[in-house]
Amino acid sequence: MILYQKVVKGRFLERPNRFIAYVEIADKAEICHVKNTGRCKELLQNGAMVYCAAGENPKRKTKFDLIAVEKGEKLINMDSQAPNRCAAAWLERGGLGTLENLRAEQVWGDSRFDFAFQKDGTRCFLEVKGVTLEENGVVRFPDAPTARGTKHLCGLMEAAAQGYGAYVLFVIQMEHISHFEPNRATDPAFAAALEAAAAKGVTILAVECAVTPDSMEIHNFVPVRFGN
């Protein structure tokens with residue numbers, strides 16, 4: 001689980017660039033750091049209720065970090081650093097069974113994977129992808145084309161071909177999800193690479209998270225479907 005300190009509720013006003021947003025907090029427009037450089041247009045709608053954590057560094061130009069947003073009945077964490085932090089805690093507590101020599105940010109060939117570990121005597125690599133795009137209970141990744149994400153999949157396929165364990169973990173930053181599927185309409189290359197990776201021995205996993213205004217924790221596996 002990850003925890004945030006000094007979380008306050010506000011009303012989203014506008015996002016002039018990828019890094020900052022104006023949020024009305026206690027009847028005052030505050031400049032907040034957006035902890036997600038993705039588009040997130042379906043989340044950051046004018047008037048949306050958001051949650052912001054007070055920053056600890058007094059030298060920062062922004063007083064708050066925007067970390068979560070209400071979308072209908074769902075509360076969605078949109079901190080892009082949260083999936084890896086949650087994945088680390090989940091792996092450490094046995095989410096994939098007994099692991100040895102768990103390490104973050106491991107280089108292999110021309111790839112850098114989020115985690116490496118030993119499982120049942122086999123060295124394994126795992127890449128984490130955070131998911132915030134949701135429609136009618138279905139979540140998709142990515143929300144914008146990602147050549148970097150496709151490159152990670154190619155690296156994992158090469159690792160699997162050489163006898164390593166290879167995993168992709170989609171961390172869904174909300175709960176009560178029907179299933180996960182690649183966003184074929186937005187990034188057909190990534191969708192094709194994900195399907196190819198599954199066929200070539202890469203384990204594709206998706207998990208939903210229990211989210212509150214001041215916490216997020218991986219909760220349950222959800223089905224992965226490839227669609228048409």
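I began with the surroundings of Glu-208, which touches Ile-172, Met-174, Glu-175, His-176, Ile-177, Glu-217, Ile-218, His-219, Asn-220 and Val-222, leaving aside residues up to four places away in sequence. The model is a predicted one. I placed Glu-208 in strand E15, which covers residues 203-212. Then I looked for a charged partner. Glu-208 is buried but has no salt bridge. I found Lys-74 as the nearest side chain of opposite charge, 6.9 Å away. A salt bridge needs a side-chain nitrogen of Lys or Arg within 4 Å of a carboxyl oxygen of Asp or Glu.

**Salt bridges**

Side chains of opposite charge can pair when their charged atoms come close. I noted nine salt bridges in the structure, and looked up some of them.

I took Lys-9 and Glu-70 to start with. Their side chains meet in a salt bridge at 3.4 Å, N to O. Lys-9 belongs to strand E2 (residues 7-14) and Glu-70 to strand E6 (residues 64-71), so this pair ties together parts 61 residues apart in sequence.

Next I checked Glu-127. Glu-127 forms a salt bridge with Lys-129, and the closest N and O atoms are 3.5 Å apart. Are these two side chains buried or exposed? Glu-127 is buried, at 2% relative accessible area. Lys-129 counts as buried too, at 8% relative accessibility. The cut-off for buried is under 20%.

I then went to Arg-140, which forms a salt bridge with Glu-181; the closest N and O atoms are 2.9 Å apart. Arg-140 sits in strand E12 (residues 138-141) and Glu-181 in strand E14, so the pair ties together parts that are 41 residues apart in sequence. I read Arg-140 as partly exposed, with a relative accessible area of 23%, whereas Glu-181 is buried at 15%. Which residues form a network here? Glu-135, Arg-140 and Glu-181 are linked by salt bridges.

**Asn-183 and its loop**

I followed the chain on from strand E14 (179-182). Asn-183 lies in the loop between that strand and helix H3 (188-199). I have Asn-183 as buried, with a relative accessible area of 8%. Not counting residues up to four places away in sequence, Asn-183 touches Leu-133, Arg-140, Phe-141, Pro-142 and Asp-143. Arg-140 in this list is the residue that forms the salt bridge with Glu-181.

**Helix H1**

I looked up which residues of helix H1 (residues 82-92) are buried. They are Ala-82, Pro-83, Cys-86, Ala-87, Ala-88, Trp-90 and Leu-91. Just after H1, I noted a positive phi of about 95° at Gly-94.

**The whole protein**

I counted three helices and 16 strands. For 228 residues, a compact globule would have a radius of gyration near 17 Å; I have 18 Å for the protein, which agrees. Along the principal axes, the C-alpha atoms fill a box of roughly 60 × 40 × 30 Å. Buried residues are 49% of the 228.

Among contacts between residues at least 6 apart in sequence, I have 63% joining residues at least 24 apart. The accessible surface comes to about 11,100 Å², and 48% of this belongs to carbon and sulfur atoms. For charge, I noted 28 positive and 28 negative side chains. The centres of the two sets lie 5 Å apart.

Definitions and conventions. Residues numbered from 1 in each chain as written. Predicted model: local features only at pLDDT ≥ 70, side-chain atom pairs only at ≥ 80, totals over all residues. Heavy atoms only, no water. Helix = DSSP H or I, 4+ residues; strand = E, 2+ residues; numbered from the N terminus. Rg over C-alpha atoms; globule rule 2.2 N^0.38 Å. Buried < 20%, exposed > 50% of the residue type's maximum accessible area, 1.4 Å probe, protein only. Contact = heavy atoms within 4.5 Å. Areas by Shrake-Rupley, 256 points an atom, 1.4 Å probe, with all protein chains shown as cover. Lys, Arg positive; Asp, Glu negative; His and termini not counted. Charge placed at Lys NZ, Arg CZ, Asp CG, Glu CD.
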